[in-house]
Amino acid sequence: MRRTTALLLRHGGGGIPQALADVLVCPLSKKPLRYCEASGSLVSDAVGMSFPIVDGIPCLLPKDGKLLEDHQRESGHETSSRDSSD
């Protein structure tokens, strides 16, 4: 754990090291995640969700994920598509 934390801190918090990204999976589908540089988040193409990275720490709780719209999944870009009328 200390080694992973050191890697995250050394990386500058702008993303996550590739070694860490390689072992992270979607908390819902258990499929690999991909890093989106445009949004600075981890994307699960299997379920169409984007998970934020806050201060270099991936937030992989299902409640933290944001649903992607179909055209955003296909193009690889995402924005928040949650309905604000909750």
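This is a predicted model: local features need pLDDT of at least 70, side-chain atom pairs count only at pLDDT 80 or more; totals for chains, interfaces and linings use all residues.
**Notebook: surface, salt bridges and a buried serine**

Started with the surface: the protein exposes about 5,800 Å², and carbon and sulfur atoms supply 54% of it. Accessible areas here come from the Shrake-Rupley method with a 1.4 Å probe, and for residues only the protein chains shown count as cover.

Residues are numbered from 1 along each chain as its sequence is written, and side-chain values use heavy atoms, with hydrogens and water left out.

**Overall layout**

I looked up the secondary structure and got three helices and five strands. These are DSSP runs numbered from the N terminus: helices are H or I with at least four residues, strands are E with at least two. Reading from the N terminus, the order is α-α-β-β-β-β-β-α.

Next, burial: 31% of the 86 residues count as buried. My cut-offs are under 20% relative accessible area for buried, over 50% for exposed and partly exposed in between (1.4 Å probe, protein chains only).

I also checked contacts, meaning heavy atoms within 4.5 Å. Taking those between residues at least 6 apart in sequence, 25% join residues at least 24 apart.

**Salt bridges**

How many salt bridges does a search of the whole structure find? I got two, counting a side-chain nitrogen of Lys or Arg within 4 Å of a carboxyl oxygen of Asp or Glu.

One pairs D45 with R34 at 2.9 Å, N to O. D45 sits in the loop between β2 (41-44) and β3, and R34 is in strand β1 (residues 34-36), so this pair ties together parts eleven residues apart in sequence. Both ends are partly exposed: D45 has a relative accessible area of 40%, and R34 has 25%.

The other joins the side chains of K63 and D64 at 3.6 Å, N to O. K63 counts as exposed at 60% relative accessibility, whereas D64 is partly exposed at 23%.

Is S50 buried or exposed? It counts as buried, at 7% relative accessibility. I find S50 in strand β3 (residues 49-54), with its side chain in a 2.8 Å polar contact with that of S41. For that term I need a pair of N or O atoms within 3.5 Å; within protein, one must be able to donate a hydrogen and the other to accept it, and residues adjacent in sequence count only if both atoms are side-chain atoms.

Last, E37: I placed it in the loop between β1 and β2, and it is exposed at 71%. Its C-alpha is 8.0 Å from that of G15, 22 residues away along the chain.
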